[in-house]
Amino acid sequence: MANPYPRSTERLVLRPLRTDDIDVILAYRNDPVVAEYQDWDLPVTRERVERHVEAQSNWIDIVPGEPRQIGIEREGELIGDLYVDLDEHGGVAEIGFTLRADHQGKGYAFEAASAVVSDLVERLGCHRIYGQLSPKNVRSARLLEKLGMHVESLAPRSYWCRGAWDDNLVYAMSDADWRANRP
């Protein structure tokens, strides 16, 4: 059997991060438009990106208990990444996504997330997928809804990010929800 990743979609390649991605990641992670609703500390340093890429460059599959940062490539260029954390039992996964500002609004995040969710449900047998975000992140909420997720909970002022408390909104779906509403 071929390695599950890299994985191709209609317009994208989903793959491990590489050392030649470091400058691109550093640029978009420090872009105020991209970072506005993300939870990483700013500024993002080259050293931190280098360590992260090194840790996320040698995998070939999503594995329970080992979070993955999946590069999103379009026409040979890294345009963003997806976070996937399949719990140690393989039944529940958290997803998140980050796209360069110049590639947002073109359906790339949805295309990449759909491919990964499909892989989680259909190949890996995951039965629950969720995403967490600030309620202010309306565009990401719409993407999660388009994937078939629904609001599961809202915890006011429960998430500490960059020196302030924010609300934490959780969207979720079951494998049955995915199959019933598959894009």
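Student: What does Arg48 count as at 28% relative accessibility?
Tutor: This is a predicted model, in which local features need pLDDT of at least 70 and side-chain atom pairs pLDDT 80 or more, while totals for chains, interfaces and linings use all residues. Residues are numbered from 1 along each chain as its sequence is written, and side-chain values use heavy atoms, leaving out hydrogens and water. Buried means under 20% relative accessible area and exposed over 50%, with partly exposed in between (1.4 Å probe, protein chains only). At 28% relative accessibility, Arg48 therefore counts as partly exposed.

Student: Which backbone oxygen does the side chain of Arg48 reach?
Tutor: Arg48 is found in helix 3; helices (H or I, at least four residues) and strands (E, at least two) are DSSP runs, numbered from the N terminus. Not counting residues up to four places away in sequence, Arg48 touches Trp40, Asp41 and Pro43, where contact means heavy atoms within 4.5 Å. At 2.7 Å, the side chain of Arg48 reaches the backbone oxygen of Asp41.

Student: Which side chain does a polar contact of 2.5 Å join to that of Asp61?
Tutor: Asp61 lies in the loop between helix 3 (46–55) and strand 3 (68–74), and at 17% relative accessibility Asp61 counts as buried. A polar contact is a pair of N or O atoms within 3.5 Å; within protein, one must be able to donate a hydrogen and the other to accept it, and residues adjacent in sequence count only if both atoms are side-chain atoms. The side chain joined to Asp61 at 2.5 Å is that of Arg123.

Student: In strand 2, what is the bridge partner of Ser8?
Tutor: An open sheet of eight strands has the order 1-2-3-4-5-6-8-7, with mixed pairing; two strands pair if DSSP finds at least two bridges between them. The edge strands, strand 1 (7–8) and strand 7 (150–161), each pair on one side only. Strand 1 and strand 2 (residues 13–16) pair in the antiparallel sense over two bridges. In strand 2, the partner of Ser8 is Val13.

Student: Why is the pair of Trp160 and Trp165 given its class, and what is that class?
Tutor: The structure holds two aromatic pairs. The rings of Phe, Tyr and Trp (its six-membered ring) pair if their centres lie within 6.5 Å; planes under 30 degrees apart count as stacked, over 60 as edge-to-face and the rest as tilted. The rings of Trp160 and Trp165 have centres 5.1 Å apart and planes at 65 degrees, so this pair is edge-to-face.
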